[in-house]
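Here is a short tour of one model.

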Amino acid sequence: MNPQRRHIAVTAAAPFERGEERGEQLREELPGGLDLYFELFRLAGLAEGRVREDALRTADAVGAFRPRLREEMDGVAAGAGIDPWHVYALNARTEILAQSAEGRPGECSTIARRLEPGAGGSPTFGAQTWDWHVELAPYWHTHEVRGGRHDLVGFTEHGILAKAGVNSAGLALHFNILGHREDGAGGVPVHLLAAAVLEEAGTVGEALDLVRSAPVSASSSFTLFDRETVVTTDITPVGVFVVEPVGGTVIRTNHFLSPEPRAGEKSELYQPDSGERYDLVASRLARGPEPRSATELLGLLRSGPGEPPLCCVPDMTLPLGERWATLATVMLEPVTRTAHVADGSPLEARNGPWRVLTA
């Protein structure tokens with residue numbers, strides 16, 4: 001882990017105060033990430049007025065779904081000294097950008113495993129890469145959030161309440177973006193839904209009930225696992241679809257795995273890249289041996305020249321908005337309630353330090 005990588009500890013019980021703690025710790029860095037997102041919105045053809053309108057509609061949807069999440073965002077704004085609608089826009093960045101027709105190759109890849117009973121070691125575990133714009137590399141952090149129903153640890157972007165992580169009940173969540181033709185802004189953002197799941201749910205079943213109750217307006221996948229169960233999901237404005245593991249394993253890239261949402265997929269966003277990455281991981285699993293720990297999953301998420309880009313290397317000759325990089329690698333383990341987070345790709349993290357967090 002980069003020794004300069006920011007780590008945020010949040011402990012207040014009240015949502016506004018919890019957000020304020022986060023905002024105060026990010027006060028110096030958060031505006032830089034915000035400026036980059038507004039430039040990405042502009043490049044996507046989204047004027048500031050439209051982004052503001054979408055952000056405010058989003059805040060209303062969040063307030064109706066979970067008032068405490070809106071309070072927490074307001075606290076972030078107060079602590080960081082910025083306008084609340086800017087924080088709403090950051091948390092809704094997936095939904096806002098979903099209105100752009102631009103393709104976004106080089107997105108995240110995830111594997112989660114459930115071992116057979118009696119196999120020894122941790123019964124469930126997962127690993128993923130987080131691929132995004134290289135310019136945003138300075139604007140993410142690891143975090144530990146305490147004071148809610150469940151404590152949670154993991155990583156997220158500056159100003160955004162959650163992303164991938166594990167909670168003190170032993171529920172883990174990996175996060176992959178998807179694209180559907182019904183996607184847009186104005187619903188509960190998937191990043192805030194992840195925050196709600198990690199704070200409230202203690203099991204995969206509880207998490208699925210919560211996800212199904214949320215009026216989302218853009219698509220993503222949560223790969224959810226507790227000590228006994230592993231599933232991945234297609235979360236869309238047209239419904240939530242659960243995908244069971246095959247041979248104890250789920251592979252997740254950035255295309256739908258369920259037939260119904262696949263009919264409305266924006267395949268131009270992530271294909272053929274997503275399918276090629278999925279197939280590469282599946283072929284490696286088929287050759288064996290079966291991974292028996294999160295660390296062993298990392299070898300399946302590595303790629304080199306000429307292979308589908310499980311590890312994204314940015315092409316700096318391209319303009320802003322097209323320079324894709326693997327910014328982080330994370331391993332989650334429910335039985336120990338731990339997240340291992342490293343800067344960069346599995347290749348870069350292989351010999352580097354990891355930050356280990358326990359919920």
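A crossing of two helices is called right-handed if the near helix is turned clockwise from the far one by less than a right angle, and left-handed if anticlockwise. The model described here is predicted.

**Two helix pairs**

Start with helix α1, residues 15–25, and helix α4, residues 67–80. α1 passes α4 in a right-handed crossing. On the α1 side, the contact is made by P15, F16, R18, G19, E20, R22, G23 and E24. On the α4 side, R68, E71, E72, D74, G75, V76, A78, G79 and A80 take part. What classes of residue make up the contact of α1 with α4? Eight are charged, five are nonpolar and four are polar.

The second pair is α7 and helix α8, with α8 spanning residues 204–212. Here, too, the crossing is right-handed, with α7 passing α8. L193, A196, V197 and E200 of α7 meet E206, A207, L210 and V211 of α8. This contact holds six nonpolar residues and two charged ones, and no polar residue.

The table gives the axis values for both pairs.

| Helix pair | Axes come within | Crossing angle |
|---|---|---|
| α1 and α4 | 6 Å | roughly 35 degrees |
| α7 and α8 | 10 Å | roughly 145 degrees |

**Enclosed spaces**

Rolling a probe the size of a water molecule over the atoms shows where empty space is left. How many cavities of 30 Å³ or more does the count give? There are three.

The largest cavity has a volume of about 100 Å³. Its lining consists of R93, T94, E107, C108, Q128, W130, K163, F175, N176, I177 and H191. β7 has the largest share, three residues. By class, the lining of the largest cavity has four nonpolar, four polar and three charged residues.

The second largest cavity holds about 60 Å³ of space. R18, R22, R68, L69, E72, V145, L152, L161, A195 and E199 line this cavity. At least two lining residues come from each of α1, α4 and α7 (190–200). α4 gives the most, with three residues. Five residues of this lining are nonpolar and five are charged, while none is polar.

**Two single residues**

T129 sits in strand β3. Is T129 buried or exposed? T129 has a relative accessible area of 0%, so T129 is buried, as the cut-off for buried is under 20%. Leaving out residues up to four places away in sequence, T129 touches C108, S109, L301, L310, T326, A328, T329 and P346. One of these, C108, also lines the largest cavity.

R350 lies in the loop between α13 (346–349) and β14 (355–358). Its relative accessible area is 47%, so R350 counts as partly exposed. Where is R350 relative to R302? The two are 48 residues apart in sequence, and their C-alpha atoms are 9.9 Å apart in space.

Note on methods
Residues are numbered from 1 along each chain as its sequence is written. This is a predicted model: local features need pLDDT of at least 70, side-chain atom pairs count only at pLDDT 80 or more; totals for chains, interfaces and linings use all residues. Side-chain values use heavy atoms; hydrogens and water are left out. Axes are lines fitted to C-alpha atoms, for helices over the stretch in contact, and angles run from 0 to 180 degrees between N-to-C directions. Helices (H or I, at least four residues) and strands (E, at least two) are DSSP runs, numbered from the N terminus. Contact means heavy atoms within 4.5 Å. Ala, Val, Leu, Ile, Met, Phe, Trp, Tyr, Cys and Pro count as nonpolar, Asp, Glu, Lys and Arg as charged, and the others, Gly among them, as polar. On a 1 Å grid over the protein atoms alone, a cavity is a set of points where a 1.4 Å probe fits but cannot get out, and a pocket is an open set with protein on both sides within 12 Å along at least five of seven lines; lining residues have an atom within 4 Å of a point. Grid points are joined across faces, edges and corners, and a volume is the space filled by probe spheres set on the points. Buried means under 20% relative accessible area, exposed over 50%, partly exposed in between (1.4 Å probe, protein chains only).
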